[in-house]
Amino acid sequence: MVKGKNGRTYKLNMPAEWSRELGLLLGWITGDGFISQNKLGLVFAKEDEEARKIIQPILENYCNRKIKEIKYPNGCVQI
């Protein structure tokens with residue numbers, strides 16, 4: 001469990017060993033993602049919809065919650 005600056009406690013399901021799913025997520029973070037103080041973001045172009053449908057549930061499982069999507073007018077989606 002992790003306690004956020006907002007005082008909320010979060011239960012994460014982080015992997016204990018390497019897997020294909022972890023590799024996909026880390027690869028996308030490296031290629032089209034970002035990490036800031038308390039945020040992790042992944043950006044998907046319109047052509048990347050199939051990849052987003054694979055990676056988003058992996059991230060939701062690790063975070064133990066539904067991930068918000070931000071949709072942009074150019075067709076990109078950020079999670």
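In which loop does N64 lie? The points below answer this and describe the rest of the fold.

1. Basis of the model. The structure is a predicted model, in which local features need pLDDT of at least 70 and side-chain atom pairs count only at pLDDT 80 or more, while totals for chains, interfaces and linings use all residues. Numbering starts from 1 along each chain as its sequence is written, and side-chain values use heavy atoms, with hydrogens and water left out.

2. Overall fold. The protein chain holds two helices and six strands, where helices (H or I, at least four residues) and strands (E, at least two) are DSSP runs numbered from the N terminus. Along the sequence the pattern reads β-β-α-β-β-α-β-β. The C-alpha trace spans about 35 × 30 × 20 Å along its principal axes. Of the 79 residues, 25% count as buried; buried means under 20% relative accessible area, exposed over 50%, and partly exposed in between (1.4 Å probe, protein chains only). Among contacts (heavy atoms within 4.5 Å) between residues at least 6 apart in sequence, 42% join residues at least 24 apart.

3. The loop at N64. N64 lies in the loop between α2 and β5 (70-71). Its phi is positive, about 60 degrees, although N64 is not a glycine. Most residues other than glycine have a negative phi. N64 counts as partly exposed because its relative accessibility is 42%.

4. E60 in helix α2. Helix α2 covers residues 49-63 and contains E60. With 16% relative accessibility, E60 is therefore classed as buried. The side chain of E60 makes a polar contact with the side chain of K66 at 3.5 Å. Such a contact is a pair of N or O atoms within 3.5 Å; within protein, one atom must be able to donate a hydrogen and the other to accept it, and residues adjacent in sequence count only if both atoms are side-chain atoms. Leaving aside neighbours within four places in sequence, E60 is in contact with R65, K66 and I67.

5. The aromatic pair. The count comes to one aromatic pair. W28 and F44 form this pair, which is stacked, at 4.8 Å centre to centre and 20 degrees between the planes. The rule takes rings of Phe, Tyr and Trp (its six-membered ring) whose centres lie within 6.5 Å; planes under 30 degrees apart count as stacked, over 60 as edge-to-face and the rest as tilted. The pair links distant parts of the chain, W28 in helix α1 and F44 in strand β4, 16 residues apart. Both W28 and F44 are buried.

6. Surroundings of F44. F44 counts as buried because its relative accessibility is 1%. Not counting residues up to four places away in sequence, F44 touches W28, A51, R52, I55, G75, C76, V77 and I79. F44 and D32 are twelve residues apart in sequence, and 7.4 Å separates their C-alpha atoms.

7. G75. This residue, G75, lies in the loop between β5 and β6 (77-78). At 24% relative accessibility, G75 is therefore partly exposed. Beyond four places in sequence, G75 touches F44, A45 and K46. G75 and L26, 49 residues apart in sequence, are 23 Å apart from C-alpha to C-alpha.

8. The largest pocket. The volume of the largest pocket is about 1,100 Å³. Of the 28 residues lining the largest pocket, N38, K39, L40, C63 and R65 are the closest to its centre. On a 1 Å grid over the protein atoms alone, a pocket is an open set of points where a 1.4 Å probe fits, with protein on both sides within 12 Å along at least five of seven lines, and lining residues have an atom within 4 Å of a point. Volume here is the space filled by probe spheres set on the points.

9. Composition of the lining. At least two lining residues of the largest pocket come from each of α1 (20-32), β3 (33-35), β4 (40-44) and α2. The largest share, three residues, comes from α2. By class, the lining has 15 nonpolar, seven polar and six charged residues; Ala, Val, Leu, Ile, Met, Phe, Trp, Tyr, Cys and Pro count as nonpolar, Asp, Glu, Lys and Arg as charged, and the others, Gly among them, as polar.
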